[in-house]
Amino acid sequence: MTHTAPTDLIPRPRLLSPVPPGRGHFPLDRHTPLDARPGTEGVAHWMRSTIGAATGLPLAPGDDADHRIALAVDPALPPEGYRLVVDGSTIRLDGGSAAGVFWGAQTFRQLLGPAAFRRAPVVERNEWPVPAVVIEDAPRFSWRGMMLDVARHFLPKDGVLRYLDLLAAHKLNVLHLHLTDDQGWRIEIRRHPELTATGAWRERTRLGHRASPLWDERPHGGCYTQDDIREIVAYAAARHITIVPEIDIPGHSQAAIAAYPELGNTDVIDTTSVKVWDTWGISPNVLAPTDNALRFYEQVLEEVLDLFPSRFVHIGGDECPKDQWRASPAAQARIAALGLADEDALHGWFVRHFDRWLAERGRRLIGWDEILEGGLAEGAAVSSWRGYAGGIAAARAGHDVVMCPEQHVYLDHRQHAAPDEPVPIGFVRTLEDVYRFEPVPPELTEEHAAHVLGTQANVWTEVMDSQQRLDYQVFPRLAAFAEVAWSRLPAPADRDTADFERRMGAHYARLDALGVDYRPPGGPHP
Ligand code: TNX
């Protein structure tokens, strides 16, 4: 019978003592009870609905000292850590918290073999031998994320739920949702209904060049209702994943200006003729530095805070062209009235306003590294995307950082130099390149490195208009990224890429069972 060798796990656990092959296993079958001690009921529910559905085993509640799976919280373990002990009579899974037990359950699922990743059993099978093993594991970082851009191409709710399952299977615990951009506004805001009535749709897509498959003349759009968002947040919480919402200001806001023209720089352009953008790049249409714009976005964020329990709220802050502010007498008057030096400082004024506003509500602001340019707001954390430099500067100044340098973890970038690579943009980032990514740059002292909360892979979707293209770009690279974020790997040059590739052999079978359209190892034309 096929199960997975404990040495085939991804991400690699911290400590693994397998019993030599053939020296024992736990005979999981339809009579095996699942005993969930207090605090682990949610994990047991997840195991029944996922592993139970794939195997056809009931995993019914119960206890039997000679044959059982026992889940428990052991506060002596690290908060997200777990210990999994499998012998002939018991599978014992303890976690430092429910989250730790949940990550241990992901490991347990891998030990059952690829069939445990299906939605329903394909053959009648009564025994699922689990190899005897002792695993002690805990994550390197507390922020192990993926950013998904649902603004450039909308991903309907079920697609997001599916990605939450995929993140969970890789022990990733943050989904940063990029909900607004020039090309679309994707979250219902009750107080300002035009944001989605107008802002969720563009007339066409003109991405790249005329010959590009993404140059068309049909409308694109969609949005999440507030009930959709509640469902997504609850689904994520059941998987110990935090959704970090992003509302991008003051740039990347053309869709909002198309919906409410008074948000734009009305003394520079006729904002009533602005439409949701149908091309890519950086739109010159940015928010005007008015009290009205601040109030408007406070009202937006009030609804966002009601929906998302996340401590961190992302306000974007990236790629804000200052040309309209330079040309606008009203913006110039504002700069003078506030006693600011220039347009960069005005950008900083926007960010500082929301830093304070969020702090007053018990939340924390996070923004792209451009927020350093206007003078970093007091409590702000930084997503370092233009390389490591922003993150290094922020960490040295005592600010928290999420490392996501575009040279390493931008999954919109191409995976191969071949001209027929299906998504041929950006620089080449192979699976191995991602495996060699190191989130903590060596120039940081230990004290400053402690500000690196973790790392995330960013998935911008200008060229990803379907689940298939999305899967192709994200996988298998997300598996390498997950190991970087979870496991304590040696320095990049010393990483065992051969062992990782070997384990990927088992992992492709899991992705197949999950129905993931990953890029095949040899490329689309091996
Ligand atoms: C830069 S990263 C952007 C995005 C694009 C991406 C394409 C960042 C904060 N801004 O708006 O989608 O490059 O790779």
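The protein is divided into domain 1 (6-137) and domain 2 (143-496), with bounds that come from an automatic or database domain assignment. This is a predicted model, in which local features need pLDDT of at least 70 and side-chain atom pairs count only at pLDDT 80 or more, while totals for chains, interfaces and linings use all residues. Residues are numbered from 1 along each chain as its sequence is written.

**How the domains meet**

- Taken over C-alpha atoms, the centres of domain 1 and domain 2 are separated by 36 Å.
- Where they touch, 10 residues of domain 1 are in contact with 11 residues of domain 2; two residues are in contact if their C-beta atoms, placed from the backbone, lie within 7 Å.
- On the side of domain 1 that touches domain 2, the elements giving two or more residues are α1 (41-55) and α2 (98-111), and α2 gives the most, with 4 residues.
- Helices (H or I, at least four residues) and strands (E, at least two) are DSSP runs, numbered from the N terminus.
- That side of domain 1 has 6 nonpolar, 2 polar and 2 charged residues. Here Ala, Val, Leu, Ile, Met, Phe, Trp, Tyr, Cys and Pro count as nonpolar, Asp, Glu, Lys and Arg as charged, and the others, Gly among them, as polar.

**The barrel and its helices**

- Follow β9-β10-β17-β18-β19-β20-β21-β22 and you trace a closed barrel of 8 strands with parallel pairing; from one strand to the next, the twist averages 30 degrees.
- Strands β17 (residues 242-249) and β18 (residues 312-316) run parallel and are joined by 2 bridges; strands pair if DSSP finds at least two bridges between them.
- E246 stands opposite H314 in β18.
- Helix α7 (residues 291-307) lies across β17 and β18, at about 170 degrees to β17. Such angles run from 0 to 180 degrees between N-to-C directions, with axes fitted as lines to C-alpha atoms, for helices over the stretch in contact.
- Helix α10 (residues 343-360) also packs on the sheet: α10 touches β17, β18 and β19 (364-368), and its direction makes about 150 degrees with that of β19.

**Around the ligand**

- The residues around the ligand are D318, E319, W368, W385, Y410, D412, W460 and E462; a residue is near a molecule if its C-beta atom, placed from the backbone, lies within 6 Å of it.
- This shell has 4 nonpolar and 4 charged residues, and no polar ones.

**A look at A449**

- A449 is found in helix α14 (residues 446-449).
- Why does A449 count as partly exposed? Because A449 has 16 C-beta neighbours inside 10 Å; the cut-offs are 20 or more for buried and 12 or fewer for exposed, with partly exposed in between.
- Leaving aside neighbours within four places in sequence, A449 is in contact with V440 and L444.
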